[in-house]
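Subject: Structure handover

Hello,

Here is the structure I said I would pass on. Please open it next to this message while you read.

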Amino acid sequence: LVVDNQAGDDDAYIQIKTDNNKSGYLFFGDGDHNYPSSIGYSHSTHKMNFSVGSDDIAMTIEGHASDNSYKVGIGTTSPDKHLHVSGGSLTGIRVTSTDRAMLDLHSTGTGNHRNWALFTSNLAAGDFGIRQSSAAGGDPYNATSDVKFYINPSGHVEFPVANQKISGSSTSTGSFGSVHT
């Protein structure tokens, strides 16, 4: 099947149209399997499902962007947040970077919301920190943001607090660090 509208003045598309209480599917098969992968849309639930390699749903998109009710589920058919990742043991989200990897927690609401970042830095391989923006709505990873927690590659922990730095390492007896001004 080739849809070609190069000479036309409209977009080219394929439409699968069903009743409001039905679903539409696009199946991908091969010589050994009839439907190993599919894309499906349910009109009654407003969910689009993607499955790969079996009938299990790999990813679900539901809701409407127009009213900010959209949700994406990976490994779940019932996402309860804008992004919901579900799976077995050690399921996670990987952030890959050529320099500093960061997970940016950013609020766009009104009020005095400070933004946060979980990060690795380029100070030393294997370090980790938590930063807070220095102003409402600010960037948590810039020169004026505040480092709230830092672990260096050897496990040394620092909590910068009002012109002093609380730092140390945990010990087998449970004691922790010292205060530096």
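This is a predicted model: local features need pLDDT of at least 70, side-chain atom pairs count only at pLDDT 80 or more; totals for chains, interfaces and linings use all residues.

Residues are numbered from 1 along each chain as its sequence is written, and side-chain values use heavy atoms, with hydrogens and water left out.

The sheet. Six strands make up an open sheet, with mixed pairing, in the order E1-E2-E3-E4-E5-E6. Strands (E, at least two residues) are DSSP runs numbered from the N terminus, and two of them pair if DSSP finds at least two bridges between them. At the edges are strand E1 (23–28) and strand E6 (83–85), each pairing on one side only. From one strand to the next the twist averages 10 degrees; the axes are lines fitted to C-alpha atoms, and angles run from 0 to 180 degrees between N-to-C directions. Strand E2 (residues 37–42) runs antiparallel to E3, with six bridges between them, and Ser38 sits opposite Ser51 in E3.

The salt bridge. Counting a side-chain nitrogen of Lys or Arg within 4 Å of a carboxyl oxygen of Asp or Glu, there is one salt bridge. It joins Glu62 and Lys47, whose closest N and O atoms are 3.6 Å apart. Because Glu62 is in strand E4 (residues 57–62) and Lys47 in strand E3 (residues 47–52), the pair ties together parts 15 residues apart in sequence. Both Glu62 and Lys47 are buried (under 20% relative accessible area; exposed is over 50%, partly exposed in between; 1.4 Å probe, protein chains only).

Ala117. This residue lies in strand E8 (residues 116–119) and is buried, with a relative accessible area of 0%. Its C-alpha atom is 4.5 Å from that of Asp104, 13 residues away along the chain. Beyond its neighbours within four places in sequence, Ala117 has contacts (heavy atoms within 4.5 Å) with residues including Met102, Leu103, Asp104 and Pro140.

The patch. A nonpolar surface patch of about 820 Å² includes Leu103, Trp116 and Phe128. Patch residues have over 30% relative accessible area and no salt bridge, with like charges joined within 9 Å and nonpolar side chains (Val, Leu, Ile, Met, Phe, Trp, Tyr) within 5 Å; areas come from the Shrake-Rupley method with a 1.4 Å probe, and for residues only the protein chains shown count as cover. E6, strand E7 (102–105) and E8 each give two or more residues to the patch. Leu103, in strand E7, is partly exposed, at 41% relative accessible area.

Regards

Key. Helices (H or I, at least four residues) and strands (E, at least two) are DSSP runs, numbered from the N terminus.
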